[in-house]
Amino acid sequence: MARRAFAIIAGALVALLTLGPVVAVSLRAGGVGGFAPGDWGAIRFTLMQGVISAGLSVLFAIPVARALARRRFVGRGALVALLGAPFILPVIVAVLGLIAVFGNNGIFNGFLRALGLPSMTIYGLHGVIIAHVFFNLPLATRMLLQGWLAIPSERFRLSAGLGLRPWAAFKVLEWPMLLRVAPGAFAVIFVICLSSFAVALTLGGGPKATTVELAIYQTMRFDFDLARAASLSLVQLVLAVVAGVAALALARGDGFGSGLDRVVTRFDTGRIGLALDTVWIMLAALFLLTPLALVAWNGLTGLPMLSASVWQSAGHSMSVALGSTLLCILWALPLASRRGELIGLLGIALSPLVLGTGLFLILRPYINPLSVALPVTALINALVSLPFALRILRPEAEAIRQDHARLSAALGLTPWAWVRFVYLPRLRRPLGFAAGLTAALSMGDLGVIALFADPDRATLPLHVYQLMGRYQMEAAQGAALLLLMLSLGLFWLFDRGGRVNA
C-alpha cells in the first residue's frame with residue numbers, strides 16, 4: 001500500500017508538471033490551432049526517420065551487447081563506459097564530430113575518393129539517421145546488456161549440462177529476454193527521435209527533412225504562433241504515447257527468477273563466436289569513438305584559453321546535473337512499473353520548448369523566471385530523463401517484486417526494511433546506470449536554459465554556444481572538451497558506484 005501511494009503521488013506530480021505547461025501555452029494562445037501544409041510533411045518525416053533510426057539502433061545493438069556480455073578482456077569496463085559517451089554528448093558537439101568523419105571533407109569521404117567511389121553527403125534523411133543511430137546505439141546496447149547480465153548464471157550452466165547447442169540455448173535463454181527488453185528500448189529511442197531538434201536543424205538539409213520538434217521551433221521562433229505550436233506538441237505527445245502502449249503490449253515474457261548471484265560463465269563461446277564478437281565490438285568502437293576522438297583532439301588546443309566564466313558555467317552545470325539526478329531517481333523508484341513507465345514518457349513526449357514556454361508563462365506573474373533559471377532547468381532535465389531511468393529500472397524492479405515480495409511479506413518486513421535490505425541492494429547496478437545517464441544528459445542539455453538564463457546563470461553548454469556565436473572557435477572547442485570530460489566523469493562515477501560489489 002505504501003509503495004502504491006508513493007507511485008500515485010509521483011505519477012500525479014509528473015503529469016502535472018508536464019501537462020500543466022502545455023495547458024498554459026494553449027490558454028495563452030486561445031486554444032490549439034490548425035496545421036500548415038508543411039506540418040504534415042514534418043509529421044511524415046518524423047515518423048519515417050524515427051522508425052528507421054530506432055529499428056537500426058536496436059538491431060545493431062543486439063550483436064554488440066551479446067558480444068560484450070560473452071567476453072571478458074582487459075579494458076572492457078572502460079570500453080563499455082566510452083561506448084555510452086555518444087548518447088550523453090552535447091548534440092552540437094557530436095554533430096561536429098560526425099561532420100568531421102562523414103562530411104564532404106571528412107575521413108570517410110576521403111577513403112571513398114581514394115577507392116575511386118562517389119562521395120556521400122551527410123545532409124538529408126540518411127544524415128539524420130546516421131546521427132540518431134550514433135546517439136542511440138549506445139543506449140540500446142546498455143539496455144540490452146543489462147538484460148543479458150540479469151540472466152542467472154545457473155541457467156547457462158544448466159543449458160551446458162543438457163548439451164544444448166548454441167542456437168538452441170539462444171532460443172531458450174536469450175530470445176525471451178530480447179522479447180522482454182527490446183520493444184521498450186525501441187519505444188524509448190523512437191520517442192527520442194520524435195523530439196529531435198538540433199540533429200534535424202544541422203543535418204536535415206531543408207524543408208523536406210523537418211521534424212515536428214523543428215517545426216515547433218520555427219513556429220515559435222519566427223511566427224510566435226503558440227496555437228499551432230500547441231497543436232504540433234499534442235501530435236508529438238500522441239505519437240509517443242502510442243509508441244509506449246505498443247511497446248508495453250509487445251514486451252511479453254517473465255523474468256528468469258532469482259539465482260545465487262554467481263559470476264556468469266558462458267559455454268557458447270567457440271572460435272567462430274569469438275571472431276564474430278570481436279568484429280562487432282571493433283565496428284561499434286570505430287563508429288562511436290572516432291568522432292569523439294576528433295572532438296577531443298580539436299579541443300586540446302582550446303583548454304588553455306578557458307576563462308573564469310567558463311569554470312563558473314561548469315559549476316552551474318554540475319549543480320543542475322546533480323539536482324536533476326536526485327529528482328529523477330526519487331520519481332523513478334516508485335514509478336518503476338508498466339503504468340509508471342507510460343506516465344514517465346510524458347517528460348520526453350512533449351516538446352521541451354513548449355514545456356519551457358509554458359513554465360515561463362506560469363511563473364511570470366509571480367516571480368522573475370531568470371531568478372529560478374537553474375532550478376527550472378534541473379526540473380525539466382529530470383522530467384526528460386525520467387523515461388530512460390524507468391526503462392532501465394523497470395525490468396529489474398518487476399523481477400525483484402516477483403521473486404521476493406511474497407517472502408518479504410511472510411517475514412513481516414516493513415516498507416522501509418523492504419527498500420533498504422531487498423529492493424535497493426538488488427537494484428544497485430541499474431540504479432547506478434540510470435543515475436549516471438541522467439547526470440550526463442543534464443550536463444549536456446541546451447534547451448530550457450536558453451529561454452530562461454541570463455549571462456550570470458549560463459550553463460556550460462550555453463556558454464559553448466555563446467563562444468561559437470562570437471566565432472571564438474578554439475575556446476568553444478576547449479569548453480566543449482571540458483563539457484565532455486565532466487559528462488563522462490559523472491556518468492562513470494554513478495555507473496561505477498552501482499557496479500562495485502553489486
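Predicted model: local features only at pLDDT ≥ 70, side-chain atom pairs only at ≥ 80, totals over all residues.

Mentor: Residues are numbered from 1 along each chain as its sequence is written, and side-chain values use heavy atoms, with hydrogens and water left out.

Trainee: How many aromatic pairs does the count come to?

Mentor: Rings of Phe, Tyr and Trp (its six-membered ring) pair if their centres lie within 6.5 Å, and planes under 30 degrees apart count as stacked, over 60 as edge-to-face and the rest as tilted. By this rule, the number of aromatic pairs is six.

Trainee: Is the pair of Phe186 and Phe190 stacked or edge-to-face?

Mentor: Both residues lie in helix α9 (residues 166-194), four residues apart, about one turn of the helix, where helices are DSSP runs (H or I, at least four residues) numbered from the N terminus. The ring centres of Phe186 and Phe190 are 6.3 Å apart and their planes are at 5 degrees, so the pair is stacked.

Trainee: Which helices hold Phe433 and Phe491?

Mentor: The rings of Phe433 and Phe491 have centres 6.0 Å apart and planes at 80 degrees, so this pair is edge-to-face. The pair ties together parts that are 58 residues apart in sequence, because Phe433 lies in helix α20 (residues 428-443) and Phe491 in helix α23 (residues 473-499).

Trainee: Is Phe491 buried or exposed?

Mentor: Buried means under 20% relative accessible area, exposed over 50%, and partly exposed in between (1.4 Å probe, protein chains only). With a relative accessible area of 2%, Phe491 is buried.

Trainee: What sits over the ring of Phe433?

Mentor: A charge sits over a ring if NZ of Lys or CZ of Arg is within 6 Å of the ring centre and within 35 degrees of the ring normal. At 4.1 Å from the centre of the Phe433 ring, what sits there is the charged end of Arg142.

Trainee: Which helix gives the most to the nonpolar patch?

Mentor: α2 (37-70) and α13 (271-300) each supply at least two residues of the nonpolar patch. With five residues, the helix that gives the most is α13.
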